[in-house]
Amino acid sequence: MENGNNKKGLIISLAAIVAVVALAAIGYNVLKGGQDTTLPSIGVTPAANSASAGSTVTNAEAADGASGGNSAAAESGASATNSEYPIFTDFNIKTLEGSDVALSSFYGKPTLLGFWATWCPPCNAEAPEIQKLWERYGDQVNFVMVDSSVADGRDSPKSIQSWMEDGSYSYPVYYDETGEAAFVTEVYYLPTMYVLDSEGHLLTAFSGTLDVASGSQLIEQLLAL
């Protein structure tokens, strides 16, 4: 019995290691893409089959499929309607005033859904670029920038507000009070950005800092769909 338990424990441990390595590989690829501003194209090939009708495709898997399959689709000239992309999982976040807001309430315009934290150096480097992008495109695209560190106590609505004032940032920010949003979206790195169309379909995702040039290119692609 003891040998059986040891073998079972070893299998579970190996499975966990494989899962961590796989997630790290995915994360490294999208993180590298974000840092050198080589962003995945959108509107070329579906991320995965629709998440409706009982599909179990996760947001992270869909995002990986979106960024991983674009080159082949582009070479073949394939195209897809946004309905072939999965609907992003809905969740609630809070405004700095404490009001609950559902992600789905932003549908009607394309949405950039970003996860960040005040203590995160790449997030601080990205913030001035987000401000410039918001000033340029804020009337055409929703900017939903979610601080994911309130749940663990490293940030608070007050510290976020102070951070915004210190940086003279005016783009919309929210916070994830319970950690639900980061959990259902499977955020592994900060900052991470998800790109949604006006109906909430997940088109692509990436981690790493976003600059004005690459961000403008991404948003223009989004608006052209």
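**The cavity and its surroundings**

Mentor: One cavity of 30 Å³ or more is counted, a cavity being a set of points, on a 1 Å grid over the protein atoms alone, where a 1.4 Å probe fits but cannot get out. The model is predicted, so that local features need pLDDT of at least 70 and side-chain atom pairs pLDDT 80 or more, while totals for chains, interfaces and linings use all residues. Residues are numbered from 1 along each chain as its sequence is written, and side-chain values use heavy atoms, without hydrogens or water.

The largest cavity holds about 100 Å³ of space; grid points are joined across faces, edges and corners, and the volume is the space filled by probe spheres set on the points. Its lining consists of 15 residues, a lining residue having an atom within 4 Å of a point. Those nearest the centre are Trp116, Glu126, Ile130, Met145 and Pro191. By class, 11 of the lining residues are nonpolar, three are polar and one is charged (nonpolar: Ala, Val, Leu, Ile, Met, Phe, Trp, Tyr, Cys and Pro; charged: Asp, Glu, Lys and Arg; polar: the others, Gly among them).

Strand S3 (111-116), helix H4 (121-137) and strand S6 (192-196) each supply at least two residues of this lining. Helices (H or I, at least four residues) and strands (E, at least two) are DSSP runs, numbered from the N terminus. The greatest contribution to the lining comes from H4, with four residues.

Pro191, one of the residues nearest the centre of the cavity, sits in the loop between helix H6 (180-185) and S6. A cis peptide bond, with omega about -10°, links Leu190 to Pro191. The loop between H6 and S6 also contains Glu186, which has a positive phi of about 60° without being a glycine. Glu186 is partly exposed, at a relative accessible area of 21% (buried is under 20%, exposed over 50%, partly exposed in between, with a 1.4 Å probe and protein chains only).

Two elements of the lining, S3 and H4, are also among those covering the buried residues of helix H5, together with strand S4 (142-147) and strand S5 (173-175); here contact means heavy atoms within 4.5 Å. H5 spans residues 157-167, and its buried residues are Ile160, Trp163 and Met164. These three lie on the same side of H5 because they cover an arc of only 100° around the axis, the arc being that of the directions from the helix axis to the C-beta atoms. An α-helix has 3.6 residues a turn, so residues three or four places apart point the same way. On the face of H5 turned away from the buried side are the exposed residues Lys158, Glu165 and Asp166.

Ser168 has a positive phi of about 55° although it is not a glycine, and it is exposed, with a relative accessible area of 59%.

Of its 225 residues, 42% count as buried. Among contacts between residues at least 6 apart in sequence, 79% join residues at least 24 apart.

Definitions and conventions. 1 Å grid on protein atoms, 1.4 Å probe; cavity = no way out; pocket = protein on both sides within 12 Å on 5 of 7 lines; lining within 4 Å.
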